[in-house]
Amino acid sequence: MKKLILCLTLSLCFSLLTHAQNTTIIHAGTLLANPGSKSETNKSIIVENGIIKNVRDGFIGASDLKLPDSTVSIIDLKNKFVLPGFIDLHTHITQERNPNSNPHEWTTLNDEDFAFRSIPFLNKTLMAGFTTVRNLGADYQLINSIKRSIARGDIHGPRIIAATGAVSATGGHGDAHGYRPEILNAFEKRVGVCDGADDCRRAVRELVKQGADVIKITATGGVLSNTAAGVGQQLTDEELVAIVETAHGLGRKVAAHAHEANGINAALKAGVNSIEHGSYLNDESVALFNKTGAYLVPTLLAGVSVSEELKVNKNIPPAIADKIRQVGPVVKASFKRALKGNVKIAFGTDSGVSVHGTNAREFELMVKYGMDENEAIKSATITASELLGMSDKLGTISSGKIADIIAVDENPLTNISTLLHVTFVMKDGKVFKQ
(Lines give C-alpha, C1' and ligand atoms only; values in the text may rest on other atoms or scores of the structure.)
Protein backbone atom coordinates (compact mmCIF):
# COMPACT_ATOMS: atom_id res chain seq x y z
CA MET A 1 0.00 0.00 0.00
CA LYS A 2 2.85 2.40 0.90
CA LYS A 3 4.51 1.69 -2.45
CA LEU A 4 1.23 2.37 -4.22
CA ILE A 5 0.75 5.68 -2.39
CA LEU A 6 4.36 6.68 -3.13
CA CYS A 7 3.90 5.76 -6.78
CA LEU A 8 0.70 7.81 -7.04
CA THR A 9 2.32 10.75 -5.23
CA LEU A 10 5.35 10.74 -7.52
CA SER A 11 3.09 10.45 -10.54
CA LEU A 12 1.02 13.42 -9.37
CA CYS A 13 4.13 15.48 -8.65
CA PHE A 14 5.57 14.69 -12.06
CA SER A 15 2.25 15.64 -13.67
CA LEU A 16 2.16 18.94 -11.78
CA LEU A 17 5.76 19.70 -12.66
CA THR A 18 5.24 18.99 -16.34
CA HIS A 19 2.05 21.07 -16.26
CA ALA A 20 3.81 23.95 -14.54
CA GLN A 21 6.81 23.98 -16.85
CA ASN A 22 4.45 24.75 -19.73
CA THR A 23 2.64 27.60 -17.96
CA THR A 24 3.13 31.20 -18.99
CA ILE A 25 1.44 34.26 -17.50
CA ILE A 26 1.27 37.39 -19.66
CA HIS A 27 0.69 40.64 -17.79
CA ALA A 28 -1.21 42.84 -20.26
CA GLY A 29 -1.45 46.55 -19.45
CA THR A 30 -4.19 47.03 -22.06
CA LEU A 31 -5.95 44.07 -23.65
CA LEU A 32 -8.21 43.93 -26.69
CA ALA A 33 -9.28 40.35 -26.18
CA ASN A 34 -12.33 40.58 -28.46
CA PRO A 35 -11.72 43.02 -31.32
CA GLY A 36 -14.80 45.08 -32.06
CA SER A 37 -15.48 45.35 -28.32
CA LYS A 38 -13.88 47.59 -25.69
CA SER A 39 -10.32 47.11 -24.52
CA GLU A 40 -9.62 46.37 -20.84
CA THR A 41 -6.73 47.15 -18.53
CA ASN A 42 -4.55 45.18 -16.12
CA LYS A 43 -5.22 41.63 -17.23
CA SER A 44 -3.35 38.34 -16.89
CA ILE A 45 -3.44 35.77 -19.69
CA ILE A 46 -2.65 32.24 -18.58
CA VAL A 47 -1.20 30.02 -21.32
CA GLU A 48 -0.65 26.29 -20.91
CA ASN A 49 0.84 24.04 -23.58
CA GLY A 50 0.17 26.57 -26.32
CA ILE A 51 -3.49 27.10 -25.38
CA ILE A 52 -5.08 30.02 -23.54
CA LYS A 53 -6.44 28.59 -20.31
CA ASN A 54 -7.91 31.73 -18.79
CA VAL A 55 -7.89 35.53 -18.69
CA ARG A 56 -8.01 37.01 -15.19
CA ASP A 57 -8.26 40.46 -13.65
CA GLY A 58 -5.10 42.03 -12.24
CA PHE A 59 -1.51 40.91 -12.50
CA ILE A 60 -1.37 37.46 -10.91
CA GLY A 61 1.65 35.33 -10.08
CA ALA A 62 2.55 31.67 -9.75
CA SER A 63 1.21 31.56 -6.20
CA ASP A 64 -2.25 32.50 -7.44
CA LEU A 65 -2.14 29.36 -9.56
CA LYS A 66 -0.76 27.39 -6.58
CA LEU A 67 2.42 26.63 -8.51
CA PRO A 68 6.10 27.18 -7.61
CA ASP A 69 7.60 30.45 -8.94
CA SER A 70 10.39 28.50 -10.63
CA THR A 71 7.97 26.61 -12.83
CA VAL A 72 6.02 29.56 -14.28
CA SER A 73 7.22 32.06 -16.88
CA ILE A 74 5.92 35.61 -16.55
CA ILE A 75 5.98 37.97 -19.53
CA ASP A 76 5.73 41.66 -18.66
CA LEU A 77 3.57 43.54 -21.18
CA LYS A 78 2.24 46.02 -18.61
CA ASN A 79 3.21 48.95 -20.81
CA LYS A 80 1.90 47.38 -24.03
CA PHE A 81 -1.36 47.08 -25.93
CA VAL A 82 -2.08 43.36 -26.33
CA LEU A 83 -4.33 41.76 -28.94
CA PRO A 84 -4.84 38.50 -30.86
CA GLY A 85 -2.41 37.48 -33.58
CA PHE A 86 -3.47 38.74 -37.01
CA ILE A 87 -4.75 36.68 -39.93
CA ASP A 88 -3.97 37.68 -43.54
CA LEU A 89 -6.40 35.90 -45.84
CA HIS A 90 -4.67 36.63 -49.14
CA THR A 91 -0.92 36.14 -49.44
CA HIS A 92 1.61 34.78 -51.90
CA ILE A 93 4.19 33.85 -49.31
CA THR A 94 6.66 32.19 -51.69
CA GLN A 95 7.22 35.19 -53.96
CA GLU A 96 7.58 38.96 -53.94
CA ARG A 97 7.45 41.51 -56.76
CA ASN A 98 10.72 43.36 -57.24
CA PRO A 99 11.26 45.91 -60.03
CA ASN A 100 14.93 44.89 -60.17
CA SER A 101 14.39 41.13 -60.38
CA ASN A 102 14.71 39.01 -63.51
CA PRO A 103 11.15 38.40 -64.81
CA HIS A 104 12.35 35.17 -66.45
CA GLU A 105 13.95 33.66 -63.34
CA TRP A 106 11.41 30.83 -63.29
CA THR A 107 13.25 29.48 -66.35
CA THR A 108 16.65 29.51 -64.61
CA LEU A 109 16.09 28.85 -60.91
CA ASN A 110 15.44 25.51 -59.24
CA ASP A 111 12.51 24.73 -56.97
CA GLU A 112 14.96 24.75 -54.07
CA ASP A 113 15.83 28.39 -54.84
CA PHE A 114 12.23 29.42 -54.35
CA ALA A 115 12.00 27.40 -51.14
CA PHE A 116 15.06 29.04 -49.58
CA ARG A 117 13.98 32.48 -50.75
CA SER A 118 10.63 32.00 -49.00
CA ILE A 119 12.25 31.73 -45.57
CA PRO A 120 12.75 35.49 -45.00
CA PHE A 121 9.26 36.20 -46.36
CA LEU A 122 7.82 33.83 -43.77
CA ASN A 123 9.86 35.31 -40.96
CA LYS A 124 9.00 38.92 -41.85
CA THR A 125 5.30 38.06 -41.93
CA LEU A 126 5.41 36.42 -38.51
CA MET A 127 7.48 39.25 -37.01
CA ALA A 128 4.85 41.70 -38.30
CA GLY A 129 2.29 39.99 -36.06
CA PHE A 130 0.58 37.81 -38.66
CA THR A 131 0.45 34.40 -37.05
CA THR A 132 -1.87 32.85 -39.67
CA VAL A 133 -2.08 33.36 -43.43
CA ARG A 134 -4.21 31.94 -46.20
CA ASN A 135 -1.87 31.50 -49.14
CA LEU A 136 -3.75 31.69 -52.43
CA GLY A 137 -1.42 30.24 -55.01
CA ALA A 138 1.89 28.37 -54.93
CA ASP A 139 3.31 25.13 -56.26
CA TYR A 140 1.80 22.37 -54.14
CA GLN A 141 5.12 20.67 -53.40
CA LEU A 142 6.66 23.95 -52.30
CA ILE A 143 3.84 25.18 -50.09
CA ASN A 144 3.19 21.78 -48.53
CA SER A 145 6.89 21.39 -47.70
CA ILE A 146 6.91 24.85 -46.12
CA LYS A 147 3.83 24.01 -44.03
CA ARG A 148 5.51 20.86 -42.73
CA SER A 149 8.77 22.68 -41.99
CA ILE A 150 6.97 25.34 -39.95
CA ALA A 151 4.99 22.69 -38.06
CA ARG A 152 8.23 20.89 -37.16
CA GLY A 153 9.90 24.12 -36.09
CA ASP A 154 12.61 23.89 -38.76
CA ILE A 155 11.80 27.42 -39.91
CA HIS A 156 9.77 30.27 -38.42
CA GLY A 157 6.61 31.41 -40.09
CA PRO A 158 2.87 31.85 -39.76
CA ARG A 159 0.36 29.03 -39.75
CA ILE A 160 -0.59 28.42 -43.41
CA ILE A 161 -3.94 27.54 -44.95
CA ALA A 162 -3.10 26.99 -48.59
CA ALA A 163 -4.51 26.82 -52.06
CA THR A 164 -2.26 24.78 -54.36
CA GLY A 165 -2.70 26.80 -57.52
CA ALA A 166 -5.97 28.14 -58.93
CA VAL A 167 -8.86 27.01 -61.10
CA SER A 168 -8.74 29.09 -64.28
CA ALA A 169 -10.09 29.09 -67.81
CA THR A 170 -7.57 28.29 -70.54
CA GLY A 171 -5.97 31.60 -71.43
CA GLY A 172 -7.42 33.15 -68.27
CA HIS A 173 -5.77 34.94 -65.38
CA GLY A 174 -4.51 31.73 -63.75
CA ASP A 175 -2.94 30.39 -66.96
CA ALA A 176 0.58 31.22 -68.20
CA HIS A 177 1.14 34.08 -70.64
CA GLY A 178 3.80 36.06 -72.44
CA TYR A 179 6.06 33.35 -73.89
CA ARG A 180 6.31 31.54 -77.20
CA PRO A 181 3.95 28.54 -77.40
CA GLU A 182 6.76 26.01 -77.62
CA ILE A 183 8.19 27.33 -74.33
CA LEU A 184 4.84 27.09 -72.59
CA ASN A 185 4.21 23.66 -74.10
CA ALA A 186 7.46 22.39 -72.61
CA PHE A 187 5.76 22.45 -69.21
CA GLU A 188 2.91 20.25 -68.12
CA LYS A 189 -0.51 21.88 -68.29
CA ARG A 190 -1.42 23.34 -64.92
CA VAL A 191 -3.92 21.08 -63.23
CA GLY A 192 -6.21 23.99 -62.38
CA VAL A 193 -6.62 25.14 -65.99
CA CYS A 194 -9.94 23.87 -67.33
CA ASP A 195 -12.63 24.28 -69.99
CA GLY A 196 -16.26 23.34 -69.43
CA ALA A 197 -18.09 22.29 -66.27
CA ASP A 198 -16.89 18.68 -66.24
CA ASP A 199 -13.27 19.64 -66.78
CA CYS A 200 -13.50 22.23 -64.01
CA ARG A 201 -14.81 19.55 -61.64
CA ARG A 202 -11.73 17.53 -62.54
CA ALA A 203 -9.50 20.55 -61.81
CA VAL A 204 -10.96 21.00 -58.32
CA ARG A 205 -10.49 17.32 -57.53
CA GLU A 206 -6.88 17.45 -58.73
CA LEU A 207 -6.13 20.44 -56.48
CA VAL A 208 -7.70 18.73 -53.48
CA LYS A 209 -5.62 15.65 -54.28
CA GLN A 210 -2.53 17.88 -54.18
CA GLY A 211 -3.43 18.96 -50.66
CA ALA A 212 -5.35 22.21 -51.16
CA ASP A 213 -6.97 23.47 -47.94
CA VAL A 214 -9.03 25.96 -49.92
CA ILE A 215 -9.89 26.28 -53.61
CA LYS A 216 -8.93 29.52 -55.32
CA ILE A 217 -10.57 30.39 -58.62
CA THR A 218 -10.01 33.21 -61.09
CA ALA A 219 -13.56 34.19 -61.94
CA THR A 220 -12.36 37.25 -63.86
CA GLY A 221 -9.25 38.52 -65.57
CA GLY A 222 -6.45 39.83 -63.39
CA VAL A 223 -4.24 42.89 -63.36
CA LEU A 224 -0.89 41.09 -63.30
CA SER A 225 -1.45 38.47 -66.03
CA ASN A 226 0.48 39.49 -69.14
CA THR A 227 -2.44 39.50 -71.54
CA ALA A 228 -4.75 42.22 -72.81
CA ALA A 229 -7.85 40.27 -71.78
CA GLY A 230 -9.36 42.80 -69.41
CA VAL A 231 -10.67 42.09 -65.91
CA GLY A 232 -14.18 40.87 -66.76
CA GLN A 233 -15.71 37.42 -66.26
CA GLN A 234 -13.66 34.51 -67.62
CA LEU A 235 -15.13 31.37 -66.07
CA THR A 236 -18.68 30.75 -67.26
CA ASP A 237 -21.69 30.55 -64.97
CA GLU A 238 -21.86 26.77 -65.51
CA GLU A 239 -18.16 26.36 -64.75
CA LEU A 240 -18.48 28.43 -61.58
CA VAL A 241 -21.38 26.34 -60.29
CA ALA A 242 -19.52 23.11 -61.04
CA ILE A 243 -16.42 24.37 -59.22
CA VAL A 244 -18.28 25.45 -56.10
CA GLU A 245 -20.40 22.30 -55.90
CA THR A 246 -17.33 20.09 -56.25
CA ALA A 247 -15.25 22.03 -53.75
CA HIS A 248 -17.99 22.13 -51.15
CA GLY A 249 -18.66 18.45 -51.70
CA LEU A 250 -15.02 17.80 -50.84
CA GLY A 251 -15.14 20.01 -47.76
CA ARG A 252 -13.26 22.98 -49.23
CA LYS A 253 -14.27 26.63 -49.26
CA VAL A 254 -13.89 28.67 -52.44
CA ALA A 255 -12.06 32.00 -52.72
CA ALA A 256 -12.85 33.81 -55.96
CA HIS A 257 -10.45 36.31 -57.48
CA ALA A 258 -12.83 38.79 -59.13
CA HIS A 259 -12.57 42.39 -60.31
CA GLU A 260 -15.45 43.47 -62.56
CA ALA A 261 -19.02 43.30 -61.31
CA ASN A 262 -20.21 40.69 -63.83
CA GLY A 263 -17.66 38.16 -62.56
CA ILE A 264 -18.18 39.12 -58.92
CA ASN A 265 -21.92 38.63 -59.18
CA ALA A 266 -21.67 35.37 -61.12
CA ALA A 267 -19.29 33.98 -58.49
CA LEU A 268 -21.58 35.04 -55.66
CA LYS A 269 -24.59 33.45 -57.36
CA ALA A 270 -22.57 30.24 -57.72
CA GLY A 271 -22.02 30.20 -53.94
CA VAL A 272 -18.37 31.13 -53.40
CA ASN A 273 -17.31 31.83 -49.83
CA SER A 274 -15.27 34.94 -50.52
CA ILE A 275 -14.54 37.49 -53.21
CA GLU A 276 -10.91 38.54 -53.43
CA HIS A 277 -10.31 42.16 -54.58
CA GLY A 278 -13.88 43.03 -55.62
CA SER A 279 -12.72 46.17 -57.40
CA TYR A 280 -15.98 47.01 -59.18
CA LEU A 281 -18.74 46.15 -56.70
CA ASN A 282 -22.17 47.43 -57.66
CA ASP A 283 -25.50 47.48 -55.83
CA GLU A 284 -26.34 43.97 -57.02
CA SER A 285 -23.02 42.75 -55.62
CA VAL A 286 -23.81 44.21 -52.20
CA ALA A 287 -27.24 42.56 -52.19
CA LEU A 288 -25.70 39.21 -53.17
CA PHE A 289 -23.06 39.44 -50.44
CA ASN A 290 -25.77 39.98 -47.85
CA LYS A 291 -27.98 37.24 -49.29
CA THR A 292 -25.28 34.56 -49.50
CA GLY A 293 -23.22 35.49 -46.44
CA ALA A 294 -20.03 35.63 -48.50
CA TYR A 295 -17.08 37.76 -47.39
CA LEU A 296 -15.16 40.47 -49.23
CA VAL A 297 -11.36 40.34 -48.95
CA PRO A 298 -10.51 43.73 -50.50
CA THR A 299 -6.65 43.62 -50.75
CA LEU A 300 -6.43 47.42 -50.89
CA LEU A 301 -2.67 47.27 -50.46
CA ALA A 302 -2.22 45.38 -53.72
CA GLY A 303 -3.74 48.20 -55.76
CA VAL A 304 -1.64 50.82 -54.02
CA SER A 305 1.53 48.74 -54.36
CA VAL A 306 1.27 48.14 -58.11
CA SER A 307 0.40 51.80 -58.67
CA GLU A 308 3.54 52.75 -56.74
CA GLU A 309 5.58 50.24 -58.73
CA LEU A 310 4.30 51.59 -62.03
CA LYS A 311 6.01 54.91 -61.26
CA VAL A 312 9.47 53.34 -60.95
CA ASN A 313 9.38 50.11 -62.99
CA LYS A 314 9.66 50.85 -66.69
CA ASN A 315 9.72 47.14 -67.56
CA ILE A 316 6.09 46.42 -66.71
CA PRO A 317 4.50 44.99 -69.90
CA PRO A 318 1.98 47.33 -71.57
CA ALA A 319 -0.96 44.93 -71.04
CA ILE A 320 -0.30 44.91 -67.27
CA ALA A 321 0.39 48.65 -67.07
CA ASP A 322 -2.92 49.44 -68.78
CA LYS A 323 -4.84 47.31 -66.25
CA ILE A 324 -3.04 48.92 -63.30
CA ARG A 325 -4.18 52.33 -64.54
CA GLN A 326 -7.69 51.00 -65.08
CA VAL A 327 -8.28 49.26 -61.75
CA GLY A 328 -6.28 51.37 -59.30
CA PRO A 329 -8.60 54.41 -59.19
CA VAL A 330 -11.84 52.44 -58.58
CA VAL A 331 -10.85 50.36 -55.54
CA LYS A 332 -11.57 53.02 -52.90
CA ALA A 333 -15.14 53.60 -54.11
CA SER A 334 -15.84 49.87 -54.14
CA PHE A 335 -14.60 49.46 -50.58
CA LYS A 336 -16.76 52.36 -49.43
CA ARG A 337 -19.79 50.80 -51.13
CA ALA A 338 -19.14 47.54 -49.28
CA LEU A 339 -18.84 49.38 -45.96
CA LYS A 340 -22.07 51.27 -46.50
CA GLY A 341 -23.84 48.06 -47.52
CA ASN A 342 -22.76 46.15 -44.38
CA VAL A 343 -20.84 43.56 -46.38
CA LYS A 344 -18.74 41.26 -44.20
CA ILE A 345 -15.16 42.43 -44.80
CA ALA A 346 -12.21 40.17 -43.94
CA PHE A 347 -8.57 41.22 -43.98
CA GLY A 348 -6.26 40.34 -46.86
CA THR A 349 -3.34 42.10 -48.52
CA ASP A 350 -2.16 40.10 -51.56
CA SER A 351 1.32 40.29 -50.01
CA GLY A 352 3.88 39.16 -52.50
CA VAL A 353 2.41 41.78 -54.77
CA SER A 354 3.27 44.10 -51.87
CA VAL A 355 6.35 43.66 -49.69
CA HIS A 356 6.14 40.92 -47.08
CA GLY A 357 6.17 42.23 -43.54
CA THR A 358 4.33 45.43 -44.48
CA ASN A 359 0.93 43.70 -44.28
CA ALA A 360 -0.31 46.18 -41.65
CA ARG A 361 -0.40 48.93 -44.28
CA GLU A 362 -3.77 47.40 -45.18
CA PHE A 363 -5.10 48.58 -41.80
CA GLU A 364 -4.06 52.14 -42.63
CA LEU A 365 -5.88 52.01 -45.97
CA MET A 366 -9.03 50.49 -44.47
CA VAL A 367 -9.20 53.28 -41.91
CA LYS A 368 -8.32 55.94 -44.49
CA TYR A 369 -11.21 54.72 -46.65
CA GLY A 370 -13.72 54.94 -43.81
CA MET A 371 -13.50 51.84 -41.59
CA ASP A 372 -13.39 52.20 -37.80
CA GLU A 373 -10.05 51.19 -36.28
CA ASN A 374 -11.57 48.55 -34.03
CA GLU A 375 -13.54 47.08 -36.94
CA ALA A 376 -10.39 46.98 -39.06
CA ILE A 377 -8.66 44.96 -36.34
CA LYS A 378 -11.73 42.74 -36.06
CA SER A 379 -11.50 42.04 -39.82
CA ALA A 380 -8.02 40.51 -39.29
CA THR A 381 -8.99 38.49 -36.23
CA ILE A 382 -12.60 37.50 -35.52
CA THR A 383 -13.97 37.97 -39.05
CA ALA A 384 -10.97 36.33 -40.69
CA SER A 385 -11.20 33.32 -38.36
CA GLU A 386 -14.88 32.95 -39.25
CA LEU A 387 -14.10 32.83 -42.97
CA LEU A 388 -11.42 30.21 -42.32
CA GLY A 389 -13.88 28.14 -40.29
CA MET A 390 -11.45 28.38 -37.35
CA SER A 391 -13.28 30.69 -34.96
CA ASP A 392 -13.11 27.97 -32.32
CA LYS A 393 -9.31 28.21 -32.40
CA LEU A 394 -8.35 31.73 -33.50
CA GLY A 395 -9.48 35.34 -33.49
CA THR A 396 -9.81 36.22 -29.78
CA ILE A 397 -7.83 35.93 -26.58
CA SER A 398 -10.13 33.66 -24.63
CA SER A 399 -10.23 30.30 -22.91
CA GLY A 400 -9.56 27.36 -25.21
CA LYS A 401 -8.12 29.36 -28.11
CA ILE A 402 -4.63 28.86 -29.54
CA ALA A 403 -2.18 31.25 -27.87
CA ASP A 404 -1.50 33.56 -30.80
CA ILE A 405 -0.87 36.86 -29.04
CA ILE A 406 0.85 40.07 -30.16
CA ALA A 407 1.54 43.50 -28.66
CA VAL A 408 2.35 47.05 -29.73
CA ASP A 409 3.60 50.10 -27.82
CA GLU A 410 0.70 52.45 -28.52
CA ASN A 411 -3.07 52.24 -28.73
CA PRO A 412 -4.05 51.24 -32.29
CA LEU A 413 -7.64 52.30 -31.64
CA THR A 414 -6.40 55.90 -31.72
CA ASN A 415 -3.37 55.43 -33.99
CA ILE A 416 -3.81 52.53 -36.42
CA SER A 417 -0.29 53.03 -37.80
CA THR A 418 1.19 51.62 -34.59
CA LEU A 419 0.27 48.17 -35.97
CA LEU A 420 3.17 48.59 -38.38
CA HIS A 421 5.50 48.23 -35.38
CA VAL A 422 4.61 45.03 -33.54
CA THR A 423 6.95 44.53 -30.57
CA PHE A 424 5.82 41.14 -29.24
CA VAL A 425 4.77 37.99 -31.08
CA MET A 426 3.62 34.70 -29.58
CA LYS A 427 2.38 31.86 -31.78
CA ASP A 428 1.15 28.54 -30.41
CA GLY A 429 2.30 29.70 -26.97
CA LYS A 430 5.90 30.17 -28.13
CA VAL A 431 7.51 33.63 -28.10
CA PHE A 432 9.10 34.62 -31.40
CA LYS A 433 9.61 38.34 -30.78
CA GLN A 434 10.01 40.30 -27.56
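Which residues line the second largest cavity?

A: The second largest cavity is lined by His277, Gly278, Ser279, Leu296, Pro298, Leu300, Val331, Ser334 and Phe335. This is a predicted model, in which local features need pLDDT of at least 70 and side-chain atom pairs count only at pLDDT 80 or more, while totals for chains, interfaces and linings use all residues. Residues are numbered from 1 along each chain as its sequence is written, and side-chain values use heavy atoms, with hydrogens and water left out.

A cavity here is a set of points, on a 1 Å grid over the protein atoms alone, where a 1.4 Å probe fits but cannot get out; lining residues have an atom within 4 Å of a point. The second largest cavity holds about 30 Å³ of space, the volume being that filled by probe spheres set on the points, which are joined across faces, edges and corners. Helix H11 (residues 331-340) supplies the largest share of this lining, three residues; helices are DSSP runs of H or I, at least four residues, numbered from the N terminus. Sorted by class, the lining has five nonpolar residues, four polar and no charged ones. Nonpolar covers Ala, Val, Leu, Ile, Met, Phe, Trp, Tyr, Cys and Pro, charged covers Asp, Glu, Lys and Arg, and the others, Gly among them, count as polar.

In total, the structure has two cavities of 30 Å³ or more. The largest cavity has a volume of about 40 Å³. Around the largest cavity lie Pro84, Gly85, Ile87 and Thr131, together with Leu394, Gly395, Thr396, Ile402 and Asp404. Its lining divides into four nonpolar, four polar and one charged residue, whereas the lining of the second largest cavity includes no charged residues.

For a view of packing elsewhere in the model, take helix H5 (residues 197-209) and helix H6 (residues 237-249), whose axes come within 8 Å and cross at roughly 35°. The axes are lines fitted to C-alpha atoms over the stretch in contact, with angles from 0 to 180 degrees between N-to-C directions. On the H5 side, Ala197, Cys200, Arg201, Val204 and Arg205 meet Glu238, Glu239, Ala242, Ile243, Glu245, Thr246 and Ala247 of H6, contact being heavy atoms within 4.5 Å. This contact of H5 with H6 has six nonpolar, one polar and five charged residues.

Definitions and conventions. Helices (H or I, at least four residues) and strands (E, at least two) are DSSP runs, numbered from the N terminus. On a 1 Å grid over the protein atoms alone, a cavity is a set of points where a 1.4 Å probe fits but cannot get out, and a pocket is an open set with protein on both sides within 12 Å along at least five of seven lines; lining residues have an atom within 4 Å of a point.
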